[in-house]
Amino acid sequence: MPGADRLVEQQYAMLLRRDVARLPDLYATDAFYSMPGVTVRPIELPALLRTWTGAFPDLVVDPIGSVQTAGGAAVEQRLTGTHTGVLHTPFGTVAPTGRVVSWDVVDVVRVRRGRIAAWRSYFDWGQLIAALGLHVDGLSREAQHDPLGLPV
């Protein structure tokens, strides 16, 4: 029975291969996937992730770190891609900007009986919107940097 680390690895590999049609097979029937502003059932997940790979066809995932528990995992990564397709957001659609952008994501995954029971993807829409050079009232902000000059 696969643990959280193996299921997370499988989902990321399927996303990077753009082989998302079989993602629901990794999930329990009553599971869900959520990100800020959106929650879907496993059967709806391929369509949701296709919107991201459509907006960022060269999307890559760079792992930063992870923590494993008996019932799940938390994984931090940086996503990078060129915004050449339409991005669908809870705030509306964003036409391609042509910008190469990076944003940080933390995924918290719960596993039950060898299947994903819940996948919560956390990221800052403001960070992504600002990187795209856009403004959404109450959401966008100036890119911030730490003392080493790294984006916060």
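The model is predicted, so local features need pLDDT of at least 70 and side-chain atom pairs count only at pLDDT 80 or more, while totals for chains, interfaces and linings use all residues. Residues are numbered from 1 along each chain as its sequence is written, and side-chain values use heavy atoms, with hydrogens and water left out.

**The cavity**

- The count is one cavity of 30 Å³ or more; a cavity is a set of points, on a 1 Å grid over the protein atoms alone, where a 1.4 Å probe fits but cannot get out.
- The largest cavity has a volume of about 210 Å³, a volume being the space filled by probe spheres set on the points.
- This cavity is lined by 17 residues, of which L15, Y33, L49, L79 and S121 are the closest to its centre; lining residues have an atom within 4 Å of a point.

**Salt bridges**

- The whole structure holds six salt bridges, each a side-chain nitrogen of Lys or Arg within 4 Å of a carboxyl oxygen of Asp or Glu.
- R78 and D104 form one of them, at 2.8 Å from N to O.
- D104 is partly exposed at 21% relative accessibility, and R78 is partly exposed at 28% (partly exposed lies between buried, under 20% relative accessible area, and exposed, over 50%, with a 1.4 Å probe and protein chains only).

Technical notes: 1 Å grid on protein atoms, 1.4 Å probe; cavity = no way out; pocket = protein on both sides within 12 Å on 5 of 7 lines; lining within 4 Å.
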